[in-house]
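Please prepare a short report on the protein chain shown below.

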Amino acid sequence: MNRAVYIQSSFGTYLTISANGEVSLSTEKGQAQEWTIIPHLRDKVYIKSRSSKNNYLSSVKNPKPTLVKSTSPKEMWALILENGKITLRSLQSTYLGANSNKEVLLSQSLGGSERWTVVRKD
């Protein structure tokens, strides 16, 4: 899983990075951010931006995920696979979420969290 992927929400939006460096969602795959999912321990992964050098997806408790610029990975995410969809859980026990308003956020509850699909780059 070390090549470019898109991370797509069940709303059909893609996890991306806005011009000011914030984690956001894009409706168009062509404008979406490419990510590298780097396996770590068992179900734990690092999620690294491919176009923003050394930026890793991180979580902050309240309420939005962010990017951390580092030469080494900062935050591990648990990759929970279920019926072809994945749930991403942070070390803070928050879940990467998305909503129909095209916002990316963190949820405290698994039931309210987003299921994502990892789409290989064409």
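The report goes from the whole chain to single residues.

This is a predicted model, in which local features need pLDDT of at least 70 and side-chain atom pairs count only at pLDDT 80 or more, while totals for chains, interfaces and linings use all residues. Residues are numbered from 1 along each chain as its sequence is written, and side-chain values use heavy atoms, with hydrogens and water left out.

**Overall fold**

The protein chain has twelve strands and zero helices; here strands (E, at least two residues) and helices (H or I, at least four) are DSSP runs numbered from the N terminus. Its radius of gyration is 13 Å, close to the 14 Å of the globule rule for 122 residues, so the chain is as compact as a globular protein of that length. The radius is taken over C-alpha atoms, and the rule is 2.2 Å times the number of residues to the power 0.38. Along the principal axes, the C-alpha trace spans about 35 × 30 × 30 Å.

Of the 122 residues, 45% count as buried (under 20% relative accessible area; exposed is over 50% and partly exposed lies in between, with a 1.4 Å probe and protein chains only). Among contacts (heavy atoms within 4.5 Å) between residues at least 6 apart in sequence, 46% join residues at least 24 apart.

Strands β10 (residues 95-98) and β11 (residues 104-107) pair in the antiparallel sense over four bridges; pairing requires at least two DSSP bridges between two strands. G97 stands opposite L105 in β11. In a regular strand the side chains alternate between the two faces of the sheet. In β10, Y95 and G97 point one way, L96 and A98 point the other way, and all are buried. Five residues lie between the strands of this hairpin, where K102 takes a positive phi near 65°.

**Salt bridges**

A search of the whole structure finds two salt bridges, defined as a side-chain nitrogen of Lys or Arg within 4 Å of a carboxyl oxygen of Asp or Glu.

| Pair | N to O distance |
|---|---|
| R50 and E34 | 3.7 Å |
| K44 and D43 | 3.5 Å |

The side chains of R50 and E34 meet in a salt bridge. This pair links distant parts of the chain, 16 residues apart: R50 is in the loop between β5 (44-49) and β6 (55-58), and E34 is in the loop between β3 (23-26) and β4 (35-39). R50 is partly exposed, with a relative accessible area of 43%, and E34 is partly exposed at 23%. In the other pair, K44 is partly exposed at 25% relative accessibility, and D43 is partly exposed at 28%.
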